[in-house]
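Try each task before reading its solution.

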Amino acid sequence: MEHSCDGWHASWFGDPLRGTNTQVKTRNADVAVVGAGIIGLFCAWFLARRGLRVVVLERKTPGAGSSLRNGGGVRSQWGTATNIQLSVLSEPFWDEFEDRFGVDVALRRIGYLFLARTTDALAELSRQVALQRDFGVPSEILSASDIGTRWPSLDGFDVTGASFCASDGFLNQHRVVHALTVAAEAAGATIESGADVVAMDVAAGRITAVHTTAGTVATELVVNCAGAWAPRVAEQVGISLPIRSRRVSLLVARPAHPLPVGLPWLIDSGEVHLRPDVEGRVQVGGFLGNDETVDPAAFDHDADGWWIDAVLGQVSRRLRIQIERSSVIESWAGLYPSTPDQHPIIDRTDARMVIVGGFAGAGLMHAPAAGLLATELIVDGGINSIDPDPLRLERLSRPIATAERTGF
Ligand SMILES: Cc1cc2nc3c(=O)[nH]c(=O)nc-3n(C[C@H](O)[C@H](O)[C@H](O)COP(=O)(O)OP(=O)(O)OC[C@H]3O[C@@H](n4cnc5c(N)ncnc54)[C@H](O)[C@@H]3O)c2cc1C
């Protein structure tokens, strides 16, 4: 694993030696962003607005990785200071999305209700809520009777309590990806679809060019936003990234009976979760106690039949909501690009590859913060908005200090 380089210029873009590569190349850029997922698009938008010539290299089309396969969730209920702060930094962008980008992303703040089934689980939720409130998140702990009072359909649930945050919710990720593609281009970035990054030139330990299936880009800085494929891109310059691909499934269905109005996103002990979707549908997911690591180059994009049966059974038993198998409208599987501590990496390396990856199940909601912090790192010389240490690559070569455990 390559460690961060502390010797970077305060602002590399003030370096007068920049751009002295005289080789003839297809095109030139200050920055090549690899991957037009939601992280790469936000990075491109922020960087282009700071005046950099940005080329985004995407082997398929924008959002083709995990960014169009997720559940649309945005929440501030996390278990570590780092993840809570990434949510808090991102929140204004979701609130003001339409004003900034001219697109209504259908944000619905229905709240997330994390159910606790044991005393220990409730104690852990209480710890998390106390931490969240330190950062201004309006989350709260509810007793079993509070839950029944607020949502009568949940009365009598066999729970010890729950945590709830009314400002958590979900949005339309397709509209987000589309809006950011348009916005990044409007800010001056070039987005190249069908440009698979296959190799990089390195001279004196630093990147000088990026080769793609659609030609070469001369650049001295690469931002690796390739999601689950980020380790493969990093390998091209000899960097080992501890990001594994966890396969996760979701389904959308029509329940046997309409959901009660005002039901929040229900998360049951990491086993199963369900939220209201648009037009009377529900979205259902859950690890069911499994943790499957797959090869991102060859994984099954369809949800398994056994998983659909099992998750609907759990929804019936644990959440008392009946959904017939024949009512499933669509189902799919995608990838959580996950680090060992479930925190992302936002860091630079000696080769001048900036890593912005490992966002696991939070890459959509944390994408604005990712773009903001990556731009601070690249343009301002360092991350200023939050403590950068938990985001550094080198932390992952040491025993885990703090890990996020609220993923579902
Ligand atoms: C089922 C599921 C549910 C989820 N639910 C949520 C949720 O509710 N809320 C939330 O915030 N997050 C959720 N996530 C996680 C979220 O989707 C991811 O964290 C996020 O999409 C990661 O974005 P990214 O831009 O890093 O990666 P991606 O979207 O995967 O983008 C990476 C891009 O890089 C491209 N690429 C790869 N290799 C190369 C190469 N060599 N050359 C050029 N391009 C390349 C890929 O084609 C891809 O477009 C969920 C994920 C899944 C799978």
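This is a predicted model: local features need pLDDT of at least 70, side-chain atom pairs count only at pLDDT 80 or more; totals for chains, interfaces and linings use all residues.

**Exercise 1. Work out how the pair Asp-341 and Arg-395 is placed in the chain, and whether each residue is buried or exposed.**

- Step 1: A salt bridge joins the two side chains, with 2.6 Å from N to O.
- Step 2: Asp-341 lies in the loop between β19 (328–338) and β20 (345–348), while Arg-395 belongs to the segment after α9. They are 54 residues apart, so the pair links distant parts of the chain.
- Step 3: Buried means under 20%. Asp-341, at 5% relative accessibility, is therefore buried, and so is Arg-395, at 9%.

**Exercise 2. Find how α2 and α9 are oriented to each other, and which residues make their contact.**

- Step 1: The two axes come within 7 Å and cross at roughly 105°.
- Step 2: Angles of 65 to 115 degrees count as roughly perpendicular, so that is how α2 and α9 stand to each other.
- Step 3: From α2, the contact uses Leu-86, Leu-89, Ser-90, Phe-93 and Trp-94; from α9, Ala-367, Pro-368, Ala-369, Leu-372 and Leu-373.
- Step 4: Sorted by class, this contact has nine nonpolar residues, one polar and no charged ones.

Conventions
Residues are numbered from 1 along each chain as its sequence is written. Side-chain values use heavy atoms; hydrogens and water are left out. Axes are lines fitted to C-alpha atoms, for helices over the stretch in contact, and angles run from 0 to 180 degrees between N-to-C directions. Helices (H or I, at least four residues) and strands (E, at least two) are DSSP runs, numbered from the N terminus. Angles under 35 degrees count as roughly parallel, over 145 as roughly antiparallel, 65 to 115 as roughly perpendicular and the rest as oblique. Contact means heavy atoms within 4.5 Å. Ala, Val, Leu, Ile, Met, Phe, Trp, Tyr, Cys and Pro count as nonpolar, Asp, Glu, Lys and Arg as charged, and the others, Gly among them, as polar. A salt bridge is a side-chain nitrogen of Lys or Arg within 4 Å of a carboxyl oxygen of Asp or Glu. Buried means under 20% relative accessible area, exposed over 50%, partly exposed in between (1.4 Å probe, protein chains only).
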